[in-house]
Amino acid sequence: RNLATYDFVGHMGENFTSDLERFGKTYNMKHVVTESFRLDNPNLEPGRKRQSSNKLTEYYTARTIRRVLEYLSIDYVTLGLPIPQWAEEILQRDEEKLWRSQEQQRTSVP
């Protein structure tokens, strides 16, 4: 496996919206992608950065991210794909929360 063998490679990062638009155009599914991901939102000015990662953080939890990464780990490792920053941030917050909880338990034991 390598990236050159794929017809399309998109990333769920900063350019997620652009990748979605490119996917729709490439596979003649522009209408489906636009409707599914609400890319035609009239409240957004052209060129304005969308907050796609904010929507992802509402959907994914640290637990679901771990499951997805476990399932897709072969792709991430083999293709050298970076873990999206929004996913790393959720995992980091979860680790910090766990650490604080454990620290509180240690300090509250008589």
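1. A residue is called partly exposed when its relative accessible area falls between the buried range, under 20%, and the exposed range, over 50%. Glu95 sits in that middle class, at 43% relative accessibility. Please keep in mind as you read on that this is a predicted model.

2. Let's start with the charged pairs. How many salt bridges does the count come to? The count is 4 salt bridges, and this note looks at some of them.

3. Arg66 forms a salt bridge with Asp94, and the closest N and O atoms of the two are 3.0 Å apart. Because Arg66 lies in helix α4 (residues 62-79) and Asp94 in helix α5 (residues 85-108), the pair ties together parts that are 28 residues apart in sequence. Arg66 is partly exposed, with a relative accessible area of 36%, and Asp94 is also partly exposed, at 29%.

4. Glu95, from the opening point, is another partner of Arg66: the two form a salt bridge with the closest N and O atoms 3.2 Å apart. This pair links distant parts of the chain, with Arg66 in helix α4 and Glu95 in helix α5, 29 residues apart. Through salt bridges that share partners, Arg66, Asp94 and Glu95 are joined into one network.

5. Now to helix α1. Arg22 and Asp19 meet through their side chains in a salt bridge, 3.2 Å from N to O. What separates the two along the helix? They are 3 residues apart in helix α1 (residues 16-26), which means a separation of about one helical turn. Is Asp19 buried or exposed? Asp19 counts as buried because its relative accessibility is 12%, under the 20% cut-off. Arg22, by contrast, is partly exposed, with a relative accessible area of 40%.

6. On to the nonpolar side chains. Which residues make up the largest nonpolar core? There are 9 of them: Leu56, Tyr60, Ala62, Ile65, Leu69, Trp86, Ala87, Ile90 and Leu91. Helices α4 and α5 each supply at least two residues of this core, and the largest share, 4 residues, comes from α5. So α4 and α5, the helices that hold Arg66 and Asp94, both contribute to the core as well.

7. Leaving aside residues up to four places away in sequence, Leu56 touches Met12 and Trp86.

Note on methods: Residues numbered from 1 in each chain as written. Predicted model: local features only at pLDDT ≥ 70, side-chain atom pairs only at ≥ 80, totals over all residues. Heavy atoms only, no water. Buried < 20%, exposed > 50% of the residue type's maximum accessible area, 1.4 Å probe, protein only. Core = buried A, V, L, I, M, F, W, Y, C linked by side-chain atoms within 4.5 Å. Contact = heavy atoms within 4.5 Å.
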